[in-house]
Amino acid sequence: MTPVLVVAAAVVDDLDDPRLLLAARRAYPASLAGRWEFPGGKVEEGETPEAALHREIREELGVRVGLGVELLGPDDGVWRISEQYVLRLWFAEVLDGEPEPLDEHDELRWLPDGQWFDVPWLDADVRVVEGITQFVASFPSSGRSAIGRTA
């Protein structure tokens, strides 16, 4: 069985020098409620992953984002999040609007650098947060433009 592709955004305050990371708390289903994740969702038939991500961010947060680089996962370039799902994740920053928990989430929180693990992430997202932390830390503190805008 081919896994379903899910896309998500690591929304940061600034693609050139990220200091804050946006986390979204699941409202449902009951098995996931209260745990934190990256906003995003499934890619629909005929949609590119990037178009799906822009659509999902509008639906879930009510904002328009600019995408930075994709953070390639350790599982053939993706992040396996279950037997059924694989995740592709891009860095993103808000270009228009103020993020609000519109769909699937009941709270959003901007986590300061150094506190990105201060919420109970979904189990599958823990290693993604680890990957983000390592990736961002690998660049000098000034001019971290390696995650900058792509589309």
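The questions below cover the sheet, some backbone details and the nonpolar cores.

Biologist: Before we start, what kind of model is this?

Modeller: Local features are reported at pLDDT of at least 70, and side-chain atom pairs at pLDDT 80 or more. The model is predicted.

Biologist: In what order do the 3 strands of the open sheet run?

Modeller: Strand S3 (36-37) and strand S8 (105-112) each pair on one side only. S2, residues 20-26, is joined to S8 by 7 bridges and to S3 by 2 bridges. The pairing is antiparallel, and the order is S3-S2-S8.

Biologist: Which residue of S8 is the bridge partner of Leu 22?

Modeller: S2 and S8 run antiparallel. Ala 24 stands opposite Leu 108 in S8. For Leu 22, the partner in S8 is Trp 110.

Biologist: How many of the 7 residues of S2 are buried?

Modeller: S2 has S3 and S8 as its sheet partners, in the order S3-S2-S8. The rest of the structure largely encloses S2, because the buried residues number 5 of the 7.

Biologist: Which side chain makes a polar contact of 2.6 Å with that of His 105?

Modeller: At 2.6 Å, the polar contact joins the side chain of His 105 to that of Glu 37.

Biologist: Where is the cis peptide bond at Pro 29?

Modeller: Pro 29 sits in the loop between S2 and S3. Omega is near -5 degrees for the bond in question. The cis bond runs from Tyr 28 to Pro 29.

Biologist: Phi of Asp 76 is positive; is Asp 76 buried or exposed?

Modeller: Its phi is near 55 degrees. Asp 76 is in the loop between strand S5 (64-71) and strand S6 (79-80). Relative accessibility is 83%, so Asp 76 counts as exposed.

Biologist: What is the relative accessible area of Glu 104?

Modeller: Glu 104 also has a positive phi, near 75 degrees. Its place is in the loop between strand S7 (85-96) and S8. Glu 104 is partly exposed, with a relative accessible area of 23%.

Biologist: Which element gives the largest share of the largest nonpolar core?

Modeller: This core has 23 residues, and Phe 38, Leu 89, Phe 91, Trp 121 and Ile 132 have the most contacts inside it. Strand S1 (4-11), S2, S7 and helix H2 (123-137) each give two or more residues. The largest share is 4 residues, from H2.

Biologist: How many residues does the second, separate core have?

Modeller: Its members include Val 7, Ala 9, Leu 53 and Ile 57. One of these, Ala 9, is touched by Phe 38. The count for the second core is 15 residues.

Technical notes. Residues are numbered from 1 along each chain as its sequence is written. Side-chain values use heavy atoms; hydrogens and water are left out. Two strands pair if DSSP finds at least two bridges between them. A polar contact is a pair of N or O atoms within 3.5 Å; within protein, one must be able to donate a hydrogen and the other to accept it, and residues adjacent in sequence count only if both atoms are side-chain atoms. Buried means under 20% relative accessible area, exposed over 50%, partly exposed in between (1.4 Å probe, protein chains only). A nonpolar core is a set of buried Ala, Val, Leu, Ile, Met, Phe, Trp, Tyr and Cys residues joined through side-chain atoms within 4.5 Å. Contact means heavy atoms within 4.5 Å. Lists of a residue's contacts leave out its neighbours within four places in sequence.
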